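Let's take a look around this protein together. Have the sequence and the 3D view ready, and follow along heading by heading.

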Amino acid sequence: MAMLEVKNLEVYYGVIQALKGISFEVSQGEVVALIGANGAGKTTTLHTVTGLIAPRAGQIIFEGKDITKIPGYKLVAMGMAHVPEGRRVFSQLSVYENLKLGAFTRKDKGGIEESLNKIYERFPRLKERRNQLAGTLSGGEQQMLAMGRALMSKPKMILMDEPSMGLSPIYVNEIFDIIREISQSGTTVLLVEQNAKKALSIADRAYVLETGTISLSGKASDLLNDESVKKAYLGE
């Protein structure tokens, strides 16, 4: 059984239809990438799955439970975490305070400390800057903080929206290495990413979104070698 099933999802902004009945699934332990041009509906898809936008039609099933009408904050406690586009760290709070906020649904004090130590191991720079205000971090460090904050909720599945946006090439490589690590440690990943080549290089499977519909899907390695994908998204 798939961990996440999205069935015939339709979303409108006023009279404009942003998602036109898309269906896809993510199995436990997979990295699945959603790629496509700006305005294709990638962020809308994530926002709808994580309860930030209500769909007009369709169904979202997470671990066999219909979550279509469940608000986002309740999904965190169910094991779903969202790393939003643009990072959205709390700029006036310290790195440590941002990370602690990621664990707001948890009651296990000892476990929270253990998770914090694991985050500091995975992101040594966050440990170095733990007392620094999040707003003073570089873009790459803020992205690490946003990912660390999401991991503090101990998610079964993490949804990431454009994690490499606006980052220098060194940080881009680092962020994708971390996504691969997160997956290898057992967390399922749904990844929305403008950098299609990078996304396909770490994903198991991928879906191509075009103006609110899925135009192509398959193994990520196959899509990397697909002529139409190369031409449209890989600059080849």
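## Ground rules

Two residues are in contact when heavy atoms lie within 4.5 Å. Helices (H or I, at least four residues) and strands (E, at least two) are DSSP runs, numbered from the N terminus.

This is a predicted model, where local features need pLDDT of at least 70, side-chain atom pairs count only at pLDDT 80 or more, and totals for chains, interfaces and linings use all residues. Residues are numbered from 1 along each chain as its sequence is written, and side-chain values use heavy atoms, with hydrogens and water left out.

## A wrapped-up helix

Find helix α6, residues 139–151. Among the buried ones are Gly140, Met144 and Leu151. What covers them includes α3 (95–101), α4 (109–122) and β7 (157–161).

## Aspartate 161

Now hop to strand β7, where aspartate 161 has its place. Aspartate 161 is buried, with a relative accessible area of 1%. Its contacts, leaving out residues up to four places away in sequence, include His82, Pro84 and Val192.

Leucine 46 is another contact of aspartate 161; the two are 115 residues apart in sequence, yet 7.5 Å apart in space, C-alpha to C-alpha.

Phenylalanine 24 sits in strand β2 (residues 16–26) and tyrosine 207 in strand β9 (residues 205–210), 183 residues apart. Phenylalanine 24 and tyrosine 207 are both buried.

Definitions and conventions: The expected span of a helix is 1.5 Å times one less than its number of residues. Buried means under 20% relative accessible area, exposed over 50%, partly exposed in between (1.4 Å probe, protein chains only).
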